[in-house]
Amino acid sequence: MHAFDASSGKTLWVEQFGNPGYPSLGPAVGEKHVALVNGSTLYVVNRKNGRAEFQKELEGGAGGGPALTD
């Protein structure tokens, strides 16, 4: 995942989540977090620094991308 400042084009952070050989779904973007699914793992990432704050193995394959709420 590559996060950048839309005004300046400056890279904020770049991180790899999961296995690059697995399909990825998302991202869903909220005020503080970004969520994505890679294979059957859900990652919730800090939007400012790109660090994973939550990770969970899903039961079965994902049927769609993640969603975030307050």
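Predicted model: local features only at pLDDT ≥ 70, side-chain atom pairs only at ≥ 80, totals over all residues.

Student: What average pLDDT does the protein have?

Tutor: pLDDT is the predictor's confidence in each residue, from 0 to 100. Among the elements, β3 has the lowest mean, 92, and strand β2 (residues 11–14) the highest, 97. Of the residues, 100% score at least 70, and the protein averages a pLDDT of 93.

Student: Which residues of β5 point the other way from Thr41, Tyr43 and Val45?

Tutor: In a regular strand the side chains alternate between the two faces of the sheet. Thr41, Tyr43 and Val45 point one way from β5, and all of them are buried. Pointing the other way, and also buried, are Leu42, Val44 and Asn46.

Student: How many bridges join β4 to β5?

Tutor: Two strands pair if DSSP finds at least two bridges between them. Valine 37 stands opposite leucine 42 in β5, and alanine 35 has valine 44 in β5 as its bridge partner. The two strands form a hairpin with two residues between them, and glycine 39 in the turn has a positive phi of about 60°. β4 and β5 run antiparallel, and the bridges that join them number six.

Student: Which residue of β6 is the bridge partner of leucine 42?

Tutor: β5 pairs with strand β6 (residues 52–57) in the antiparallel sense over five bridges. Five residues lie between the two strands of this hairpin, and glycine 50 in the turn has a positive phi of about 80°. The partner of leucine 42 in β6 is lysine 56.

Student: How many residues of strand β4 are buried?

Tutor: On another side, β4 is joined by four bridges to strand β3 (residues 24–29), which runs antiparallel to it, with serine 24 opposite asparagine 38. β3 and β4 form a hairpin with three residues between them. Strand β4 (residues 33–38) is mostly covered, and of its six residues the number buried is five.

Student: Is asparagine 46 buried or exposed?

Tutor: Asparagine 46 lies in strand β5 (residues 41–46). Not counting residues up to four places away in sequence, it touches Trp13, Lys32, His33, Arg51 and Glu53, where contact means heavy atoms within 4.5 Å. Its relative accessibility is 17%, so asparagine 46 counts as buried.

Student: Which backbone nitrogen lies 2.8 Å from a polar atom of the side chain of asparagine 46?

Tutor: A polar contact is a pair of N or O atoms within 3.5 Å; within protein, one must be able to donate a hydrogen and the other to accept it, and residues adjacent in sequence count only if both atoms are side-chain atoms. The side chain of asparagine 46 reaches the backbone nitrogen of asparagine 49 at 3.2 Å. The nitrogen at 2.8 Å is that of lysine 48.

Student: How many strands does the protein have?

Tutor: From the N terminus on, the elements run β-β-β-β-β-β. There are zero helices, and the number of strands is six.

Definitions and conventions: Residues numbered from 1 in each chain as written. Heavy atoms only, no water. Buried < 20%, exposed > 50% of the residue type's maximum accessible area, 1.4 Å probe, protein only.
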